[in-house]
Amino acid sequence: MARIGVTGMGTMGAALALNIADNGFDVAVHNRSPERTQAVVDGAGALAARLHPSDNLEDFVASLEVPRAVLIMVNAGAAVESVITSLIPLLDRDDLIVDAGNADFNDTRRRADLVESKGLRYLGVGVSGGEEGARFGPSIMVGGTREAYAPIKDIVEAIAAKFEGDPCADFLGADGAGHFVKTVHNGIEYADMQLIAEAYGLLRADGRDMDQMADLFAVWNAGALQSYLIEITAEILKAKDRETGKPVVDVILDQAGQKGTGRWTVIEALKLGQSATAIESAVAARSWSALRDTRAAAEATYPRDASAARISDADMEAALLASRIITYGQGMALLDAASTNFEWSLDLARVAEIWRAGCIIRSSLLDDISAAIRKGLPHGQLILAPSFVTLLEDNVPALRRVVIAAMAEGQSVPALAASLSFFDTIRRARGTTDLIQAQRDFFGRHGFQRLDRTGDGFHGPWAD
Ligand code: 6PG
């Protein structure tokens, strides 16, 4: 009998099953097409002894210890729905279904209600780290109930990445909390990738070849920017295409895919009245990238300025650091707002801690971020935490120089500019929405509040 089952033997499901087996647990494995399950078992080497394959869901469920725990790792959306529907009649009271794929947390909340209404248990779990993470140690964000988590906690902690021995996995909050945190993780991932891509664009326009850029990213990875995404960027820029011998990046179509998590982050941020502009600009940049013909036509209509922006390497590095801090800050503020709204009591410091290893956005900054959050963020803003104030004071001037230089030369830097604009807006005690309030009152009698009196519903002289 197996302690846990994994259904969905795609890249991530297979890697997770092998990770579980590698940590000494017997694991039942199943896939809609049994050949795939067999291929995973055949490729498992010595670990095959701990894998219990089944050709159909009935046998799969029957091979599990009671109370049963089934982990679903299939594509988000209809496939998850269909597996849950098929599993429900096969399970008994207190059995557990875990959706470990990326899911819209609204779906998770709904599915948790449905599954729990049948006397079963449900967890929505975010797993980050790509294939290698899933196989050797991902970061794991658990949402649901503590009772549902208890029977699999030992397995989750065993398979998770460790940061100085601490498992990068935890129970974060009720219903959709785990999937929401994973979604925001991905939103930050989108923004960080976009910021890096903008730096690459500026360096490329400056005439640097791929090897030079790779070396620069490798140097940056040894400093304050140390992170998985900077590290792999150095590797990617160095890599050559097997067929042509050209740098790989030069043979890749510049249209970015997206499965939805970045967009979900922005949608939920807007619903909560929050600003996640660095993430928003990253999602926008991917959407614009899809308009390849339009971009070609627009370039022909408005030929780009040829000149490169004059930016020092040190400024570029500092600009990336400042914008990364601002991006993390926006993500954390969004999590804070969601936690209040959905009554999750998210421990944001713990979130930052379980992102320190295993996940795609892991970076040396996250240890400092969790420490800053533990001390309390003034007004919920990372950019106001004393340790980050110093960092931003040191690095925002470079971000400003980079954005100015890039924009002066017509270079595209939506995420760098968005993070700077957020910073400049949030540090203005007196903004410009006094005029907007006046306009709203002028055309719609919406009323405004006054600085010199309490109450609201005041109107301007135009009301008469
Ligand atoms: C992770 C990744 C993972 C996946 C994303 C990519 O944390 O391991 O984020 O979840 O690679 O789904 O998302 P896009 O396809 O939308 O870029």
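**Entry 1: terms and model.** I took buried to mean under 20% relative accessible area, exposed over 50%, and partly exposed in between (1.4 Å probe, protein chains only). I worked from a predicted model, in which local features need pLDDT of at least 70, side-chain atom pairs count only at pLDDT 80 or more, and totals for chains, interfaces and linings use all residues. Residues are numbered from 1 along each chain as its sequence is written, and side-chain values use heavy atoms, with hydrogens and water left out.

**Entry 2: the whole chain.** I looked up the secondary structure and found 20 helices and 10 strands, where helices (H or I, at least four residues) and strands (E, at least two) are DSSP runs numbered from the N terminus. I noted that 52% of the 464 residues count as buried.

**Entry 3: salt bridges.** I counted a salt bridge where a side-chain nitrogen of Lys or Arg lies within 4 Å of a carboxyl oxygen of Asp or Glu. The count by this rule is 32.

I then examined Arg135 and Asp22, whose side chains form a salt bridge at 3.0 Å, N to O. Arg135 belongs to helix H6 (residues 130–136) and Asp22 to helix H1 (residues 11–22), so the pair ties together parts 113 residues apart in sequence. I found Arg135 buried, at 16% relative accessible area, whereas Asp22 is partly exposed at 40%.

I also looked up Asp215 and Lys238, which meet in a salt bridge of 2.7 Å, N to O. This pair links helix H10 (residues 210–221), which holds Asp215, with helix H11 (residues 228–238), which holds Lys238.

Lastly, I recorded a network of salt bridges whose members include Asp166, Arg350 and Asp367.
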